[in-house]
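Welcome, and thanks for taking a look at this model with us. Please have the viewer open as you read.

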Amino acid sequence: MPGILFTHSYFYRFDAKQWKTRQPYPPYGTIYAAALMRSCGFDVHLFDTNLAQSADEILPVLENTRPDYLVIYDDGFNYLTKMCLTRMREAAFELAKYGKQHGCTVIVNSSDASDHCDLYLGQGADFVIPGEGEITLRELVMTLDGRQGAADGGQWAIPGIAYKHAASQPDSPPTVHRTAPRQVLNDLDSLPDPAWDLVDMAAYKDIWIRHHGFFSLNLATTRGCPYKCNWCAKPIYGNRYHSRSPERVAGEIEMLIERYGVHHFWMADDIFGLKPGWVQRFRDVVRQKNLVFEYKIQSRVDLLLKEDAIDALVDSGLREVWVGAESGSQKILDAMDKGTTLDQIRKATELLKRKGVNVCFFLQFGYLGETKADIEATLRMVEELRPHNIGISVSYPLPGTKFHEKVKNLLGDKQNWEVSNDLAMMYPATYSPAYYRRLHRLVHKRFRLRQGLDELQKIFARGNVNLLKASKLMYYAPAAIVDKWRLQRLERSGPGIKKPYANI
Ligand code: SF4
């Protein structure tokens, strides 16, 4: 039976900020593709890099399994892979090299490879599958393996692939050829459930239990997002929006609860429950099956305010929602084409909190045209609305976005972050890169300080207190003062610097 070794290019250990949180999630997109290939009769294995120390750990797996194909298939549902981090790109190149050394046909599907097919083909990949990958992968491997008659033009005519094309002149380098794009998959229920059995679940569970006291797994119920926030790249699933049925999702949750004893899920969709009536039906199915679990999602404030969305979400187990608040300045939200308002952020936050849901904000600094007043408006919003948690980034121009088009002529050599905490400003914003790094630290410290103060108030109000948060006051209070002082110094030297800050 022909063998396929699946792997992917994300290593938590290479990404200090993520590794520190000790919240690893299995590569959902990878095991989705693996399940489909297994259903076609291939002998499928997984080398999961998430918890590995280095790429060369794949070598014994290649020796033992002797696969015909090495498929480097990133988890396109996880936002970490969408950042196209250079540290992970280097790891993918190493994996491809090892695959070639072992005689494999190497196939790559990832956000970064979709944007830079030429780089991956230049590093040993035989084929890149840009965008949504499963159906193209099946057709490509079935054709290469002689299990399916090749269409006119053989594998070279299969829609949705990129490969190196020999030049007509002997001394010229090969060129990259991309075939016609593949139609997106409309019927997500036609795919088999992900191959969870390939995951070393004990290793994930051990990390979660040791550091958090509970275990969480990831799921995706949809693909794509139809909104057009102009900095958001969606190279894998694009601007469409397709959903699995609530019945299939609930069935997968039921299996995961029974098999792995997990009662918390991260729904990794870009936007959870956008399809009208979906969350209500999901709630009904969850009730019929008597499933007990909690989950967190990413959503939009405008969507959450629609009809009884929040009630249905809460009734089915929602405990935490991350929303792209982004900025406390309407001017900046409009410049981003975010399509939401400050009023919606406020209303959704208040409503969710009343229902006992933790509301967390994604925030972004350094967008084009953002002034000191806009930054202060964002700080005020955080202070007033008191989210449960915050995730701060600086504007990051990813290929294929309107935002990238606007700044591409200002970019320096560095066009990707090394790791997710890189936070480099890659074009000249209002202030220097050092300013935004300091701002990032200050906002976090002020936020933790505020949480500590709130905990202290609870001591007096109820005697019910999170001592850890309260004790952190001792650190965050003086640290925030120092950061504020440093930020003011950077602010004075900030505006007027014109060059790109490529390698700072
Ligand atoms: S709503 Fe979220 S996923 Fe959709 S375009 Fe905006 S940032 Fe991207």
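This is a predicted model: local features need pLDDT of at least 70, side-chain atom pairs count only at pLDDT 80 or more; totals for chains, interfaces and linings use all residues.

**Helix α5**
- Helix α5 covers residues 86-101, and its 16 residues should span 22 Å at 1.5 Å a residue; the C-alpha atoms at its ends lie 23 Å apart, so the two values agree.
- Its buried residues are M88, A91, A92, F93, L95, A96, Y98 and G99.
- Among the elements that cover these buried residues are the strands β1 (3-7), β3 (69-73) and β4 (105-109), along with helix α3 (58-65).
- E94 also belongs to helix α5, but E94 counts as partly exposed because it has 16 C-beta neighbours inside 10 Å, whereas a buried residue needs 20 or more.
- E94 and G124 are separated by 30 residues in sequence, and their C-alpha atoms are 9.3 Å apart in space.
- Just after the helix, G103 adopts a positive phi of about 80°.

**The six-stranded sheet**
- In what order do the strands of the open sheet of 6 run? The order is β8-β11-β12-β13-β14-β15, and the pairing is parallel.
- The edges are formed by β8 (216-219) and β15 (389-394), each of which pairs on one side only.
- On average, neighbouring strands in this sheet are turned by 20° against each other, ignoring direction.
- Inside the sheet, β11 (residues 264-267) and β12 (residues 294-299) pair in the parallel sense over 3 bridges, and H264 stands opposite E294 in β12.

- Most residues other than glycine have a negative phi, which makes the next two worth a look.
- E326 is not a glycine, yet its phi is positive at about 70°.
- E326 sits in strand β13 (residues 318-326), and it counts as buried because it has 24 C-beta neighbours inside 10 Å.
- R386, also not a glycine, has a positive phi of about 45°.
- R386 is found in the loop between α16 (372-385) and β15.
- Is R386 buried or partly exposed? R386 has 13 other C-beta atoms within 10 Å, so it is partly exposed.

Technical notes. Residues are numbered from 1 along each chain as its sequence is written. Helices (H or I, at least four residues) and strands (E, at least two) are DSSP runs, numbered from the N terminus. The expected span of a helix is 1.5 Å times one less than its number of residues. A residue is buried if 20 or more other C-beta atoms lie within 10 Å of its own, exposed if 12 or fewer, and partly exposed in between; C-beta atoms are placed from the backbone. Two residues are in contact if their C-beta atoms, placed from the backbone, lie within 7 Å. Two strands pair if DSSP finds at least two bridges between them. Axes are lines fitted to C-alpha atoms, for helices over the stretch in contact, and angles run from 0 to 180 degrees between N-to-C directions.
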